[in-house]
Every structure is written in structure tokens, then in C-alpha cells.
Amino acid sequence: MVTLINRFTLTASPEKFEEVFKESAVFMRNQPGFIRHTLAKSLRNSNSYVNIAQWEDAQSHIRVVQSPEFRVHIDKLAEVARSEPDLYAIVQDVAHADR
């Protein structure tokens with residue numbers, strides 16, 4: 001499994017960003033290799049969001065981001081935010097034992 005962590009700094013309203021991001025997220029969820037994603041908004045800076053997405057493998061993610069269909073989504077996101085994406089491998093994953 002590979003984890004994409006993408007920090008977004010907004011250049012438009014949070015509402016507009018969330019609308020555009022939702023379209024992109026629907027597209028990504030329908031791609032082979034996609035597992036899940038979480039979008040989090042900073043409690044200290046309303047113009048900062050982090051997307052954490054998990055994919056079966058790096059190749060699945062790379063295949064999608066190189067597709068012409070993805071280019072449409074990334075261009076729309078670029079109109080509402082600056083993006084800082086990177087791929088990570090999980091080193092530790094800890095959950096509370098009682099949950």
C-alpha cells in the first residue's frame with residue numbers, strides 16, 4: 001500500500017475548494033487501486049487542507065495521475081489551491097486497543 005499526502009493552500013474560498021475537490025475525489029474513488037481518502041481542514045488556518053489517500057500500490061496512483069482525465073481535475077484544483085503532494089509508505093499504524 002502507498003499513501004498520498006497532499007497539502008493544499010487555498011487561493012479561493014473554502015466552499016469553492018471543497019466543491020472542486022469533491023469532483024476530483026469522486027473521480028479518484030472510481031479508479032483501479034484506490035482504497036480510501038480523508039480530507040482534513042486545519043483548525044488553525046482555514047486556508048489549509050490535507051488530503052490523505054491510500055492506494056494499493058504506487059503504480060496504481062501513478063497510472064491515474066498520468067491520465068488525461070486526471071489532468072482536467074488537477075487543472076481545476078490549481079484554480080482554487082496550491083498543492084504539495086508526495087507519496088509515502090506507512091512505517092507505523094497504531095489504533096487504540098479498545099476500539
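First I noted the terms: buried means under 20% relative accessible area, exposed over 50%, and partly exposed in between, with a 1.4 Å probe and protein chains only. Helices (H or I, at least four residues) and strands (E, at least two) are DSSP runs, numbered from the N terminus.

I noted that this is a predicted model, where local features need pLDDT of at least 70 and side-chain atom pairs count only at pLDDT 80 or more, while totals for chains, interfaces and linings use all residues. Residues are numbered from 1 along each chain as its sequence is written, and side-chain values use heavy atoms, with hydrogens and water left out.

Entry on α2. I found Ser60, His61 and Val64 buried in α2. Seen down the axis of α2, these buried residues fall within an arc of 95° and so line one face of the helix. The arc is taken from the directions from the helix axis to the C-beta atoms. The face turned away from the buried side of α2 carries exposed Gln59 and Arg63.

Entry on α3. In helix α3 (residues 68–78), I listed Phe70, His73 and Leu77 as the buried residues. Their arc around the axis is only 60°, which puts them on the same side of α3. Pro68 and Ala78 are exposed on the other side of α3.

Entry on Trp55. I located Trp55 in strand β3. Why does Trp55 count as buried? Because its relative accessibility is 1%. Contact means heavy atoms within 4.5 Å. Not counting residues up to four places away in sequence, Trp55 touches residues including Ser60, His61 and Val64.
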